[in-house]
Amino acid sequence: MGNVYELENVYKTYRNDGKEFEALKDVSLEVREGEIFGIIGMSGAGKSTLVRTLNRLEDVTGGTVRFYGNDLASLKPRELREVRHSISMIFQGFNLLNQRTVIENVEQPLRIAGTARRERRNIAREMLKVVGLEEKENEYPARLSGGQKQRVAIARALAADPKVLLCDEATSALDPKITGEILDLLKQINTERKLTIIIITHEMSVVEKICDRVAIIDDGTLAEIGDVRDVFSKPKSKAAKKLVFPSNPFDPSGPDGTLIRIVFDGTRASEPFIANLVEQTGKKVNILSANTRSVGGIGYGQMVLELPGDKEEQKIIKDFFVNGGLSVSEVDYK
Amino acid sequence: MSDYIINSILTGILETLEMTFASAFLSYIFGLPLGVLLYATSKGRLLENRVVNAGIGIVVNILRSLPFLILLVLLIPFTRFVTGSSIGTVASIVPLTVGTIPIVARMVESSLCEVQPGIIEAATSMGASPLYIIIHFIIPEAAPSLLQGGAINVATVLGYSAMAGVIGGGGLGAIALQYGYYRYQSDVLWTTVALLVVMVMLIQELGALLAKKKRKI
């Protein structure tokens, strides 16, 4: 499998009224063919700028963005428009034409590409079937729900038969249930059509649900990149920890208290770790939060525990979990 | 009112409609492209071009700031050059058109500005050229607003057409001026005024209705 995108030392600096703002700083990464690649970060971290460099809605100010080996910056306007036919994009605000019917919206990329009228209608119908909206073809977008609008946008994005689909906060305007449905649809499209998908989001749950790999963008830099499972169970950077750890409303009861987070995957979920700990070591911990999540289809459990103040005891407890094969990390609650 | 005056008023209605719609139509032929250019060349838009934008902007602003009555008089030589005469219904179409073009241009510009930038971004990401985006994305999205603006423009031209009576143009305005004002025939004056009001209202309502029908959101 080759790489769809290769980004090398990408910089983006905005100049506005003499002031400079570095939106992207030295970002290097690659996106592999057929994967669902997540780009996550807090708002203002630069992830939307990053995704816009991928179809050159934004020009980079340094470094190179290569799409199947071609440096996007070297393309002439006509060549760039040609390449954009293979890079579809969906948006948080859907960006459908309100004065056009659903099917006319889906036909747009085909019209631009110069496809004949009858053929583009057939393709558009087929795409509406993929997203399950074949009955709505003559409706206007204003009469659709948010989830349906995004489905139309996805159908429109697929109509051009792209090589990659960019999703810019595509589910951020939708409620959790509809978000889940849209993500399922994207996953299905990824599997059935072997379409590479790049997802920009600020929600870890989106990444956990469907992404294979993830890049964490923090303050314009690439903080961390890797398989979602690895990043989820052993986050290394501060930005990653902030995203992965459940937001913790509890403070430790004493000033010496230490919080740790343990993560166990589905294969170990049947073992009663806490009971074993108490039984075998006699040490007690305080459970501050616990939940399970599905990451890339595998169930993961995680707990935030408060350890007793004594360093010796802390070590015994941590060793117990580590020896049991769990990933243990300290929570920086300050 | 004598039969003669009633006949004059009926002819006046037709002349007013002729002047209004001909001028409105012609002013859109020039004003629509100008408005599109004003929009597209402004800062941050698809065809950003400071020189073109400032150039058109200055001409439009100057024409718009001239009182219409003054423009009528200033344009007499030009009108004579174009139509061969400076009085009558056909002749008054020239100054009416020239006077309305800048208004149309600004109205079109403001209608186009209402289109969400996201739609332009989506179109760009699909590989559409700037010209394609303007013709197939921006103008259709702005269509209801353009129609509404069109109704306002037609009503404005109708008002201006009455002024054309001052320099020998035809229509209801001329009748109101000649019989109503100069000859103190207030019944004629009020009849023509009422007719003008009704016509403006009809045009406005019709335009609003069309725009509403067209608007899908």
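**Contacts between domains, chains and helices**

Tutor: In this predicted model, chain A is divided into domain 1 (3–236) and domain 2 (245–330). The C-alpha centres of domain 1 of chain A and domain 2 of chain A are 37 Å apart. Where these domains meet, eight residues of domain 1 of chain A are in contact with eight residues of domain 2 of chain A. On the domain 1 side of that contact, α7 (204–210) and α8 (228–233) of chain A each supply at least two residues. The most comes from α8(A), which gives four residues. By class, this side of domain 1 of chain A has two nonpolar residues, one polar and five charged.

The contact between the chains comes next. Here 17 residues of chain B are in contact with 20 residues of chain A. On the chain B side, the elements that give two or more residues are α6 (117–125) and α7 (130–163) of chain B. The largest share, six residues, belongs to α6(B). The side of chain B that touches chain A divides into nine nonpolar, five polar and three charged residues.

Within chain B, α7(B) also packs against helix α8 (residues 171–182) of chain B: their axes come within 6 Å and cross at roughly 40°. The two helices, α7(B) and α8(B), are therefore oblique to each other, and their crossing is right-handed. In this contact, B:S161, B:A162 and B:M163 of α7(B) meet B:G171, B:L172, B:G173 and B:A176 of α8(B). Four of the residues in the contact of α7(B) with α8(B) are nonpolar, three are polar and none is charged.

Terms used:
Residues are numbered from 1 along each chain as its sequence is written. Chains are lettered from A and ligands numbered from 1 in the order in which they are written. This is a predicted model: local features need pLDDT of at least 70, side-chain atom pairs count only at pLDDT 80 or more; totals for chains, interfaces and linings use all residues. Two residues are in contact if their C-beta atoms, placed from the backbone, lie within 7 Å. Ala, Val, Leu, Ile, Met, Phe, Trp, Tyr, Cys and Pro count as nonpolar, Asp, Glu, Lys and Arg as charged, and the others, Gly among them, as polar. Axes are lines fitted to C-alpha atoms, for helices over the stretch in contact, and angles run from 0 to 180 degrees between N-to-C directions. Angles under 35 degrees count as roughly parallel, over 145 as roughly antiparallel, 65 to 115 as roughly perpendicular and the rest as oblique. A crossing is left-handed if the near helix is turned anticlockwise from the far one by less than a right angle, and right-handed if clockwise. Domain bounds come from an automatic or database domain assignment.
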